[in-house]
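Biologist: I am new to this structure and would be grateful for a close look at one part of it. Please describe how that part is placed and what surrounds it.

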Amino acid sequence: MNIPFLDLKAPYFDLKDQFDEAYQRVMKSGWYILGDEVEAFESEFAEYCSAKQCIGVANGLDALHLIVRGYGIGSGDEVIVPSNTYIATWLAVTHASATPVAVEPDEQTYNIDPAKIEQAITPRTKAIMVVHLYGQPADMDPINAIARKHGLKVIEDCAQAHGAYYKGRRVGTLGDAAGFSFYPGKNLGAFGDGGAVITNDVQLSNQIKILRNYGSEIKYHNEILGFNSRLDELQAAFLRVKLKKLTEWNKMRATTAELYMKHLAAITEIALPFVPEWAEPVWHLFVIRLHNRDMLQKKLTSVGIGNMIHYPIPPHLQTAYSHLGFQNGDFPISEAIHNSVLSLPMWPGIAEENIAAVCSTICNFMGNT
Ligand SMILES: *Cc1c(COP(=O)(O)O)cnc(C)c1O
């Protein structure tokens with residue numbers, strides 16, 4: 001078998017003429033940074049998210065980092081983050097000189113557990129950064145209620161959740177500001193790095209436009225110590241082509257997820273993704289959970305089925321965060337999840353027979369252990 005984990009070439013060939021046209025348009029324009037394409041993409045993506053403002057930046061980490069900075073959060077401040085996430089969520093806080101304070105996930109959804117947030121709040125807490133992990137929206141209503149009560153900002157890490165719905169509303173406008181990534185493998189991915197901030201907060205939006213461009217509003221007049229974090233014209237032009245397909249692609253992912261659910265339902269040793277009734281996820285990843293994860297992973301790899309672990313090591317146990325002094329056992333729920341999750345092949349357009357082949361391999365293996 002040769003079933004890759006992800007096929008990034010398929011969407012390229014699918015829309016090749018439109019990408020080629022976008023490429024020609026940008027190349028011939030002679031304008032490659034912060035121009036018409038970025039502006040057009042910003043307004044199209046803001047509309048897609050039903051938001052007032054969109055600011056294109058260089059990547060998802062920068063989007064989150066610039067939001068934290070844009071709110072003036074920094075040294076001595078704390079930001080609540082999930083213990084169960086990709087390290088970028090934490091780095092966005094750390095790079096603004098603030099401290100990430102981790103909160104454990106809900107065992108069923110793998111997203112931050114709203115019931116555990118309040119005990120992590122201190123007088124230094126300035127914001128809650130929520131992640132819609134694997135494309136599953138986090139439970140925003142109780143989180144927003146806690147934030148209002150304590151006067152905190154709510155920042156959404158939407159890097160895995162472009163287009164997901166929570167109670168009928170798209171992620172990205174559920175809190176105060178949201179960061180998106182357009183890394184090639186994301187649900188909306190560029191042919192290189194890219195990211196965006198979404199917000200209804202005009203003041204924050206203006207601040208981030210200045211921060212992304214060397215701290216200047218007027219060329220060569222620098223009011224603050226800024227960064228170089230700009231979405232480029234070529235990637236914006238490609239993203240405009242892909243944005244038109246995002247809804248269709250997310251539906252295809254949902255169909256794939258349904259098939260996985262159906263084929264794997266009988267295996268009691270495997271925990272399938274849990275979808276609360278208020279959630280419409282976008283299936284960035286299809287993640288199963290089981291005790292003998294490592295053996296199943298070896299099996300899948302040995303027969304040519306792509307798979308990955310998201311993620312093998314939680315942020316608090318990464319060497320990069322050793323200065324925070326965490327140890328094994330500090331966030332046991334997150335650690336247990338990291339030790340037992342496995343992501344199966346998922347992309348829009350994966351063939352039905354491939355899904356069936358992955359599932360029968362898993363069924364046979366589980367029957368034999
Ligand atoms: C991908 C990702 C990011 C960072 O995005 P980049 O564009 O790679 O910088 C942040 N948070 C989460 C949850 C991600 O999956």
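Modeller: Gln-235 lies in helix α8 (residues 233-243); helices (H or I, at least four residues) and strands (E, at least two) are DSSP runs, numbered from the N terminus. The model is predicted, with local features requiring pLDDT of at least 70 and side-chain atom pairs pLDDT 80 or more, while totals for chains, interfaces and linings use all residues. Residues are numbered from 1 along each chain as its sequence is written, and side-chain values use heavy atoms, leaving out hydrogens and water.

With a relative accessible area of 9%, Gln-235 is buried (under 20%; exposed is over 50%, partly exposed in between; 1.4 Å probe, protein chains only). Leaving aside residues up to four places away in sequence, Gln-235 touches Ala-190, Phe-191, Gly-192 and Asp-193, where contact means heavy atoms within 4.5 Å. Within this group, the backbone nitrogen of Phe-191 is reached by the side chain of Gln-235 at 2.9 Å.

Burial is also a feature of strand β2 (residues 78-82), whose five residues are buried, five of five. On one side are Glu-78, Ile-80 and Pro-82, and on the other Val-79 and Val-81, so that both faces are covered. Strand β2 runs parallel to strand β3 (residues 99-103), joined by five bridges (pairing requires at least two DSSP bridges), and Ile-80 stands opposite Val-101 in β3. Strand β2 also pairs in the parallel sense with strand β4 (residues 125-131), over three bridges, and there Glu-78 stands opposite Thr-125.

Conventions: A polar contact is a pair of N or O atoms within 3.5 Å; within protein, one must be able to donate a hydrogen and the other to accept it, and residues adjacent in sequence count only if both atoms are side-chain atoms.
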